[in-house]
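Here is a short walk through a structure, moving from strands to rings to helices. Keep the 3D view open as you read.

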Number of protein chains: 2
Amino acid sequence: MLCSMRSTPVAVSFLFLAGLAGVASADEGMWMPQQIPALADRLRAFGFEGDVQAFADLTGQPMGAIVSLGGCSASFVSGQGLIVTNHHCVQGALQYNSTPERNLLVSGVVARTPEDELSNGPGARVSVTTQVQEVTDDLMRRLAPNLTDRKRFDVVELWTKERIAACEKDGSRCRIASFFGGLRWFEIKQLEIQDVRLAYAPAKGIGNFGGESDNWRWPRHTGDFSFYRAYVGPDGKAAPYSKNNVPYRPKRWLKVSPKGGSPGDLVFVVGYPGVTERLQTYAQIEDMTAWQLPRSIRRSVEQLQILDELAHSSPEVAIKVETRIRGLNNGLTKNRGVLEGLIQGGALEDKMEQQRELTAFIAANPERRMLYGDVLPALAALDAEAAKTRERDAVFAGFLGGRGGGSLLGAASTIVEAAVNRPKKDIDREPEYQERNWARTREGFERMQRTLDRTVDRAFLRYSLLEAARLGGTERIEALDRASGLSADMSKDAAAKAIDAYLDRLYAGTKLFDKDYRLALLGKSSKEFAAVDDPFLNLAAALLPLRDQLREISKTRQGARYRLVPRYMKALLEKSAGLVAPDANGTLRVTYGRVLGVDSVDGLFYKPQTTLAGVVAKQTGQGDFDAPKLELEAIKALRDGRETPYLDPALRDVPVDFLSTVDTTGGNSGSATLNARGELCGLLFDGTYDTVVADIVYDPVRTRSIHVDSRYMLWVLTEVDGATRILEELGR
Amino acid sequence: MLCSMRSTPVAVSFLFLAGLAGVASADEGMWMPQQIPALADRLRAFGFEGDVQAFADLTGQPMGAIVSLGGCSASFVSGQGLIVTNHHCVQGALQYNSTPERNLLVSGVVARTPEDELSNGPGARVSVTTQVQEVTDDLMRRLAPNLTDRKRFDVVELWTKERIAACEKDGSRCRIASFFGGLRWFEIKQLEIQDVRLAYAPAKGIGNFGGESDNWRWPRHTGDFSFYRAYVGPDGKAAPYSKNNVPYRPKRWLKVSPKGGSPGDLVFVVGYPGVTERLQTYAQIEDMTAWQLPRSIRRSVEQLQILDELAHSSPEVAIKVETRIRGLNNGLTKNRGVLEGLIQGGALEDKMEQQRELTAFIAANPERRMLYGDVLPALAALDAEAAKTRERDAVFAGFLGGRGGGSLLGAASTIVEAAVNRPKKDIDREPEYQERNWARTREGFERMQRTLDRTVDRAFLRYSLLEAARLGGTERIEALDRASGLSADMSKDAAAKAIDAYLDRLYAGTKLFDKDYRLALLGKSSKEFAAVDDPFLNLAAALLPLRDQLREISKTRQGARYRLVPRYMKALLEKSAGLVAPDANGTLRVTYGRVLGVDSVDGLFYKPQTTLAGVVAKQTGQGDFDAPKLELEAIKALRDGRETPYLDPALRDVPVDFLSTVDTTGGNSGSATLNARGELCGLLFDGTYDTVVADIVYDPVRTRSIHVDSRYMLWVLTEVDGATRILEELGR
């Protein structure tokens, strides 16, 4: 599945540095909306007869209907704020509203009245991009060429903070995003709706039919769609959840097509792809192949073992860890696919060849030698330096991090750092501790309560401590050794014993499992909680000096990258020439392609569509293949002659999913798939296994995205769930 | 894989009774050669421009080149007796010639000189069908209508023996075969060559590439071909193995085409399909679904566990059990596929519908009611009677049987029965103990020495004894209980203890592991070895009365079937009308079809061909996917520009396997696949998983056979093994 963040193997801070332009070929390209008009000729060649200018108008039709959920994409499909996205994108909301007695993760939700719509909980967001403007020149005016790397970082950061502050004066949420690795910069303004509710989710046996067995696979039979509704205050402005809120009335929404997608159709996908790394240097991809991906795969496998055992211990724990298991599995399969693509698939070799060509291109001309000759060696030196402590740095990050999973140590660390930042002027605080993010941090603390579990938290902290215990003598985390009694010369068993004893002390002494207690601490200054003697806070405080030290190093390196990467990128663009889409960076993009099958392994062809017949064929009644009884009955009724407008005449069945050549990645999940008339004919939700490596090296022949057909969505709403309220809103 | 006997789940004696005609549709039909001229119009419609009469001339071109290996099919491909068949058909010969130091099962064999060709060992046979004549009227003259069932059996058996004796006077091997369930009878005369040698087998990593993982699967990349050579005495007549023998010079042999098979090509397959059961009664298929197949699957799984453990105990044992493991796995996968096809695939339901239609057809007309009205109920009553003791009968058969696997108790039982039959006149002996089979029995005893292993034999006898120990009170095998000390009221543990103690006695006391000792006993009369006190012979003798009793019952039932089944068949043929191919019965057949891909599961299409690219893609370097280094190097050389005449211009690669619509089954393995010019363009070696149920209910849409392309054979011989001697013989 193509949700973002959790599916990327590599720390975001690293990726940020090297989003490079792709070599244009076939349908490659996650285009910035404003680039689309320049693609008019290509689109005409694809048979497009609409207005290419429409894509550049972010508040017009269809772009005004496209929204971000943060990690997933979505779109308005009614004038009453109804939003369609993937089923796997509403997992968190289903989990938030589930209890062992009423497990919505399994049953799904059909809100029969407005009152039945369930709040997604604190921190839910729907973001609508309202304005994008280039601000590269503004930054360039500030960047004197003779700055030190460390100073350059500060200049960029201060400039970013100032621009954001100005941009957000009208209540919007803003972001300064770097494109082409810092060669160009854009300011992006978003309207942010904070009250989001679940209106409809099919049963797990439809929304996640095929489960992990089918994830990243074709043929696919997943009804991966669900509906949210956006709410605002009675004054029409964004407001936190309140009973008095009313449905948001968007100016633009998409018509859901009853015709779906058919082989050969031109389709667009509009959404928020997360990260691609197509033009990193060869050294970076080589490091990913040799170290990052194998490490990530090993950790996922080990952590899944831990979670599987815990999930079997009680139904409560099972609900708490389900989303995390799904995310880990998703990333694991994806990372395996990427690694296979890099090694067996030959992508790493292709990359080496590309770099060889770039080096030759630079060397071939004295001016280019002068402009770019030093860039690749300098970047390589920077990477080599970072590689020296990569194991320690990764262990430390995994140890303190885990905020996504909501770990207790992560929360303690946030409290400690917030207290350090609180006394400063807002402009001087680290970005994540600036006032504009306070509410988000509080919401995160509230939200984590639903997934927080003592056994799970301890098991994961134990896992991280065991990793830290294995670090070599020069890479030890000394503060941790002092706190826990670990040392480099301990045997494995002795280290495990020491860790268990230390964990006993940590968990016996802490009050941080109490949400209100956590929230109360968040407001306090360093001085105020000097008196608070919580073992988790003490550990977080002990680790702070190392954290600060690593942050300093990272800032200097980042400053160096601001200096080098734009030049590397310029060389690449000069070499490839023509219009190039920037690498994905979580901003709004448009991609186009065709509904089309593809050759799979030798001797096998992936047909472009699947049908209800395949649901019945895969059905086992258990595990990943457990379609609900109501659906099986509806299929039987169809076979017995019941009429439906959603039958595909060529297939003589209701279509379920389809393949297309559009270029997508993690974060695109839930993106509207539009036909040539701008109607929603499906939802993007996944790519094939052969496709995952395309994040790094795009393959114009094999790459395919997977969509749920709008006819399946409408058929399920009609025949399985009788969701008449939704259907009426959709005009069906 | 489509070798015979070991892949059929059901005792042959049972199947023999109910081979019924198929409903003609699409390409269905394993036609008797003499039926082909009547199919002229259908073949013309397929684009055939050759002489349809040629297929009816068994000694002409191409039919004179087709041979049987017993369980596999094959064909002459040179004037010096070179025979091509499947790699999996030469497993026994590879095993016979292997030692732990020189494991031909893995390395393969390339005989560089005539002296390097390895004898297949005693019992090897190549049979050429030389004459087929219908003898139905002759039998009908003997069958008075008022015979008792038991007497009818004897009349048929005596007639069969007399005809065979007369037919074999010229040194041929003859068989009286029943077609359409005893409605028609044919006398088949075969020339039998007894000295067969291995001339070439590729490495396991080619000949069995994909192994059990890919068995019955597509896409496939198996180079399932090997070469034998037939030898005869210097006088040109068949003779047992001797150094002085010379290559046999067949009158007919096939040209191996360098063009292989391409999509759309018309292809013929000529060989010896074993058993199909397409028009058994519904009750029989239901019994197969509910009892026989699940039982067979369970036993295969359990026996494979035993064999896997034993195989890991030593390399010697591993070689001894490899063929047996491969056979069990093959049957297991096939039986699972058949069961899936019957239940999930809906074949059982189709069968029920067919029978309903037949019943209605009979009931619709007074004359038909009179002729056939009693047949279905009478057959059902016969089956119901047999079902009462089916568990005991099956346990007893498995217990005494195992001749294929060469068990010691099977050998003892053969010795005991041979002694009982020896004093009788030859015409009065049970058929398997008639003089014409003595040499075969002796060869079997010699041959079994290569697979006989004390640990394996004991483990399997123990398995059978545990089965017998579980039989209910009314089904006990009393003679066995007396001999072993088992009883119905024993606990599971007590029974196991008793069995182990009994096995200790059996194996400590026997001398039957000695081949010469076994062979010496085979000649003795009952009186002569009354003095021989071997525990295995004692057990076999104790079981003899029950064996005789079961044989008597079986003869009476068979007599009843001779009375009923031909009438059932007549009703079926009357209903279907037109030309119908009889069910397969191990006799020479011709089938035709096209090279064609097929829809697999929903969303997936099986392309009609695979290529070398797929070998590389599947290669892992271990287990089932371990192509030899020489082949990988040859592929690399090809990619680097090395020329080969075996490249497919459309695929731009060397093709490996292809799919066709021909109708085949177990026993067809190794069959020549002929193009429209009668040249060998491939070898049939398997069917797809969706196809296995076609033995029972033919599916004209999904059924596909799998062939190795002659271009792959020639490419491997040339580029991988440099088998110049063979290539020259093939005219390459």
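A residue is called buried here when its relative accessible area is under 20%. Keep in mind that this is a predicted model.

**A strand and its hairpin in chain B**

Take strand S7 of chain B, residues 173-179: 6 of its 7 residues are buried, so the strand is largely enclosed by the rest of the structure. Its partner is strand S8 (residues 184-193) of chain B, and the two run antiparallel, joined over 7 bridges. Within that pairing, B:Phe179 stands opposite B:Arg184 of S8(B). S7(B) and S8(B) make a hairpin with 4 residues between them. Look in the turn for B:Phe180, which has a positive phi of about 50°.

**The open sheet of chain B**

Chain B also has an open sheet of 7 strands with antiparallel pairing, in the order S13-S12-S18-S19-S20-S17-S16. Its edges are strand S13 (589-594) and strand S16 (609-611) of chain B, each of which pairs on one side only. From one strand to the next, the twist averages 30°. Inside the sheet, strand S19 (residues 680-687) and strand S20 (residues 705-709) of chain B pair in the antiparallel sense over 5 bridges, and B:Asp686 sits opposite B:Ile706 in S20(B). What packs on the sheet? That would be helix H24 (residues 710-720) of chain B, which touches S16, strand S17 (655-660), S19 and S20 of chain B. The direction of H24(B) makes about 35° with that of S20(B).

**Rings and charges**

Over all chains, there are 32 aromatic pairs. Two of them are set out here.

| Pair | Arrangement | Centre to centre | Angle between planes |
|---|---|---|---|
| A:Phe55 and A:Phe268 | tilted | 4.8 Å | 35° |
| B:Tyr507 and B:Phe536 | edge-to-face | 5.1 Å | 80° |

A:Phe55 is in the loop between helix H2 (40-45) and strand S1 (66-68) of chain A, while A:Phe268 is in strand S12 (residues 266-271) of chain A, so this pair ties together parts that are 213 residues apart in sequence. Both A:Phe55 and A:Phe268 are buried. In the other pair, B:Tyr507 belongs to helix H19 (residues 492-509) of chain B and B:Phe536 to helix H21 (residues 535-576) of chain B, so the parts tied together are 29 residues apart in sequence. B:Tyr507 and B:Phe536 are buried too.

Arginines also meet rings in chain B. The charged end of B:Arg324 sits over the ring of B:Phe460, 4.0 Å from its centre. B:Arg368 lies over the face of B:Phe361, 3.6 Å from the ring centre.

**Helix H6 of chain A**

Helix H6 of chain A (residues 149-167) has 19 residues and reaches 27 Å from its first C-alpha to its last, close to the 27 Å expected at 1.5 Å a residue. Its buried residues include A:Phe153, A:Val156, A:Trp159 and A:Ile164. Which elements do the buried residues of H6(A) pack against? They pack against helix H5 (136-142), strand S7 (173-179), strand S8 (184-193) and helix H21 (535-576) of chain A. A:Phe153 and A:Trp159 turn up again in one aromatic cluster, with A:Trp185 and A:Tyr562.

**A lysine in a loop**

Is A:Lys527 buried or exposed? At 74% relative accessibility, A:Lys527 counts as exposed. You'll find A:Lys527 in the loop between helix H20 (515-522) and H21 of chain A. A:Gly210 is 317 residues away from A:Lys527 along the chain, and their C-alpha atoms are separated by 54 Å.

Methods
Residues are numbered from 1 along each chain as its sequence is written. Chains are lettered from A and ligands numbered from 1 in the order in which they are written. This is a predicted model: local features need pLDDT of at least 70, side-chain atom pairs count only at pLDDT 80 or more; totals for chains, interfaces and linings use all residues. Side-chain values use heavy atoms; hydrogens and water are left out. Buried means under 20% relative accessible area, exposed over 50%, partly exposed in between (1.4 Å probe, protein chains only). Two strands pair if DSSP finds at least two bridges between them. Rings of Phe, Tyr and Trp (its six-membered ring) pair if their centres lie within 6.5 Å; planes under 30 degrees apart count as stacked, over 60 as edge-to-face and the rest as tilted. A charge sits over a ring if NZ of Lys or CZ of Arg is within 6 Å of the ring centre and within 35 degrees of the ring normal. Axes are lines fitted to C-alpha atoms, for helices over the stretch in contact, and angles run from 0 to 180 degrees between N-to-C directions. Contact means heavy atoms within 4.5 Å. The expected span of a helix is 1.5 Å times one less than its number of residues.
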